[in-house]
Amino acid sequence: MIRFENVDKWFGTLQVLAGISGEVRRGEVKVLVGPSGSGKSTLIRTVTRLETIQGGRVLVDDADIASRSVDINRLRQRVGFVFQAYNLFPHLSALGNITLGLTKLRGLSKAAARERAMEELARVGLTEKADEMPGLLSGGQKQRVAIARSLAMDPQVMLFDEPTSALDAEMVGEVLAAMKRLAAGGMTMICVTHEIGFAREVADEIWFMEAGKLIERGSPVELASRQAGSRLGAFLRKVG
Ligand code: ADP
Ligand code: MG
């Protein structure tokens, strides 16, 4: 589904991704962890060409996303992205935030878009908030609307960049629950998160980045049994 092949990324003279290789198969959930500044956000942003790369290749469904034949707008519909900040349109209701893409990008009628949006709101448990404006929603509710908005576009892959790190503690659980349901439903996902309980529960594999390199990876079970020298093991023990 997604393949990173020797990806190099520079910001000026600073190399932030150094020879990253890795693969995400259909239905897999990878959790990306590592210290702040290690390149996690940059790596997942390369998937939808929010960041260009200077070396290597990123493939989505076997197509090199840098190729001229890849329609970047279609790619961004196929790959859902949920960020730390909710990025909802403040002047549109929860429902309006979801129907916008469906009518403008997908060409659905207003009625069909509304029906689809209500399905997605139900999936994240927000049916009763459909007509609420974002300013009146809690952080957790806003983030669930953002997830519903992405899902309405029928993405083949979902990328999450620290979706709960701006939330008050009591709202983290509801967003993680929505993500867990998504994973259980077979969605292909890459999640940058420090929620190690979530990682242990849903990750097929945890990837540990440091200073632009993917230095260790393994399933939660493998990692639990990995000995003391493991950087990832030490990191997980610290944040867990
Ligand atoms: P992480 O998500 O792991 O915290 P990032 O991918 O955000 O790390 O950042 C990796 C490195 O790239 C950091 O050193 C950061 O300062 C740098 N960086 C990120 N975005 C930019 C940018 N737009 N311009 C210059 N440097 C950047
Ligand atoms: Mg980041």
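# Core, sheet and ligand shell

Not counting residues up to four places away in sequence, Ala 148 touches Ile 98, Glu 120, Leu 121, Arg 123, Val 124 and Leu 126 (contact: C-beta atoms, placed from the backbone, within 7 Å). The model is predicted: local features need pLDDT of at least 70 and side-chain atom pairs count only at pLDDT 80 or more, while totals for chains, interfaces and linings use all residues. Residues are numbered from 1 along each chain as its sequence is written, and chains are lettered from A and ligands numbered from 1 in the order in which they are written.

Ala 148 is also among the residues with the most contacts inside the largest nonpolar core, together with Leu 32, Cys 191 and Ile 206. This core has 62 residues; such a core is a set of buried Ala, Val, Leu, Ile, Met, Phe, Trp, Tyr and Cys residues joined through C-beta atoms within 7 Å. A residue is buried with 20 or more other C-beta atoms within 10 Å of its own, exposed with 12 or fewer, and partly exposed in between. Leu 100, in helix H3 (residues 94-104), has 16 other C-beta atoms within 10 Å and is therefore partly exposed.

An open sheet of mixed pairing has 6 strands in the order E6-E7-E8-E3-E9-E10. Helices (H or I, at least four residues) and strands (E, at least two) are DSSP runs, numbered from the N terminus; two strands pair if DSSP finds at least two bridges between them. Strand E6 (79-82) and strand E10 (213-218) are the edges, each pairing on one side only. Neighbouring strands are turned by 20 degrees against each other on average, direction ignored. Helix H5 (residues 139-152) packs on the sheet, touching E6 and strand E7 (157-161), and its direction makes about 170 degrees with that of E6. Helix H6 (residues 169-184) lies across strand E3 (29-33), E7 and strand E8 (188-192), at about 150 degrees to E8. Axes are lines fitted to C-alpha atoms, for helices over the stretch in contact, and angles run from 0 to 180 degrees between N-to-C directions.

| Strands | Sense | Bridges |
|---|---|---|
| E1 (residues 2-11) and E2 (residues 14-24) | antiparallel | 7 bridges |
| E9 (residues 205-210) and E10 | antiparallel | 5 bridges |

Val 7 has Ile 20 of E2 as its bridge partner, and Ile 206 has Gly 218 of E10. The hairpin of E1 and E2 has 2 residues between the strands, and Gly 12 takes a positive phi near 60 degrees there.

The residues around ligand 1 (C-beta atom, placed from the backbone, within 6 Å) include Phe 11, Val 16 and Lys 40. Helix H1 (residues 40-45) gives the largest share of this shell, 3 residues.

Terms used
Two residues are in contact if their C-beta atoms, placed from the backbone, lie within 7 Å.
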